[in-house]
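User: I have a chain open in the viewer and want to learn how to read it. Can we take it feature by feature?

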Amino acid sequence: MITKRIIPCLDVKDGRVVKGVNFAGLQDMADPVEMARYYNAAGADELVFYDITASVEGRTIFTDILRRVASEIFIPLTVGAIKNPAIISAAAQRYGNQCVVLSADIKRVDGKFKLFTKGGRENTGIDALDWLEHGVKNGAGELVVNSIDTDGVKNGFDLELLDAVAQRCAVPIIASGGAGKMDDFKELFLNHPRVDAGLAASIFHTKQVDIRDLKLYLRENGVEMRV
């Protein structure tokens, strides 16, 4: 059985880790390198970084921070910053599908899942499910499904959205947005088996949930985990 993964997410703005609710009201949390070092020691399976203002400010991502992080941690590191869809197939051909992770910020608009850009500020009008399916067909080997509707709310993952994605896309799915307690991860993994990983930010940043405790709890409840 393939083990499920627990992934902290670090949103970076002006060189600092920040966190908000529904992609708004950002609050300063910590230095990204220090936090990455902490999660490496805490048992995280992977880290996801987002430079949340790069697209809005029209600049490249924070490569200096990434180099520092990469030199200090020993777990997989994923970075989100894609504007050109053609990079998906190009990267898949060069590095293999398993190395290409497509991340999408999604919000309900008039009852439909729409793709948002620029840190959740701009509605592209694109159907999010169509976009993800297209990305998989072009070489994306994994999807990060970010629900703007549940982001930071801590009432549980957006299971309706995740199930809809799973019906359309036969690749590993990382659920993002809404985790508030350990039971949210148990519900995610036990009742939605197509989801391969749970991603969260504030509950890990504030130590509301300890990653090792979470993994032990999940394993005790029948979820295969690497502890």
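Analyst: Start with a loop. Lys 207 sits in the loop between helix H8 (202-205) and helix H9 (211-220). Helices here are DSSP runs of H or I with at least four residues, strands are runs of E with at least two, and both are numbered from the N terminus. This is a predicted model: local features need pLDDT of at least 70, side-chain atom pairs count only at pLDDT 80 or more, and totals for chains, interfaces and linings use all residues. Residues are numbered from 1 along each chain as its sequence is written, and side-chain values use heavy atoms, with hydrogens and water left out.

User: What is the phi of Lys 207?

Analyst: Positive, about 65°, although Lys 207 is not a glycine. Lys 154 also has a positive phi, about 70°, and is not a glycine either. Lys 154 lies in the loop between strand S9 (142-147) and H6.

User: Is Lys 207 buried or exposed?

Analyst: Use the cut-offs. Buried means under 20% relative accessible area, exposed means over 50%, and partly exposed is in between (1.4 Å probe, protein chains only). Lys 207 has 54% relative accessibility, so it counts as exposed. Lys 154 has 31%, so it counts as partly exposed.

User: Where is Gly 43, and why does it count as buried?

Analyst: Gly 43 is in the loop between helix H1 (32-42) and strand S4 (47-51). Its relative accessibility is 11%, so it counts as buried. Now check its contacts; a contact means heavy atoms within 4.5 Å. Leaving out residues up to four places away in sequence, Gly 43 touches Ile 211, Arg 212, Lys 215 and Arg 226.

User: How do I read the nonpolar core?

Analyst: In soluble globular proteins, nonpolar side chains tend to be buried together. A nonpolar core is a set of buried Ala, Val, Leu, Ile, Met, Phe, Trp, Tyr and Cys residues joined through side-chain atoms within 4.5 Å. The largest one here has 57 residues. Those with the most contacts inside it are Ile 6, Leu 132, Val 145, Val 165, Phe 185, Phe 204 and Leu 218. Helix H6 (residues 159-168) gives the most to this core, with 5 residues. Apart from it lies another core, of 10 residues, including Ile 7, Cys 9, Tyr 50 and Leu 199.

User: Which residues does Val 165 contact?

Analyst: Set aside its neighbours within four places in sequence. Val 165 is then in contact with Leu 129, Leu 132, Leu 143, Val 145 and Ile 173.

User: And where is Phe 185?

Analyst: Phe 185 is in helix H7 (residues 182-191). It has 0% relative accessibility and therefore counts as buried. Beyond four places in sequence, it touches Ile 6, Phe 157, Ala 179, Gly 198, Ala 200, Ile 203, Phe 204, Leu 214 and Leu 218. Helix H7 also holds Asp 183. Asp 183 is partly exposed, with a relative accessible area of 36%. The C-alpha atoms of Asp 183 and Gly 156 are separated by 8.6 Å, at 27 residues apart along the chain.

User: What does Arg 68 touch?

Analyst: Arg 68 lies in helix H3 (residues 63-70). It touches Asp 31 and Val 33, not counting residues up to four places away in sequence. Arg 68 and Ala 164 are 37 Å apart, C-alpha to C-alpha, and 96 residues apart in sequence.

User: Now zoom out. How many helices and strands does the chain have?

Analyst: There are 9 helices and 11 strands. The radius of gyration, taken over C-alpha atoms, is compared with a globule rule: 2.2 Å times the number of residues to the power 0.38. The chain has 16 Å, close to the 17 Å that the rule gives for 227 residues, so it is as compact as a globular protein of that length. Its C-alpha atoms fill a box of roughly 40 × 40 × 35 Å along the principal axes. Of the 227 residues, 50% count as buried.

User: What share of the contacts joins residues 24 or more positions apart?

Analyst: Counting contacts with a separation of 6 or more, such pairs account for 66%.
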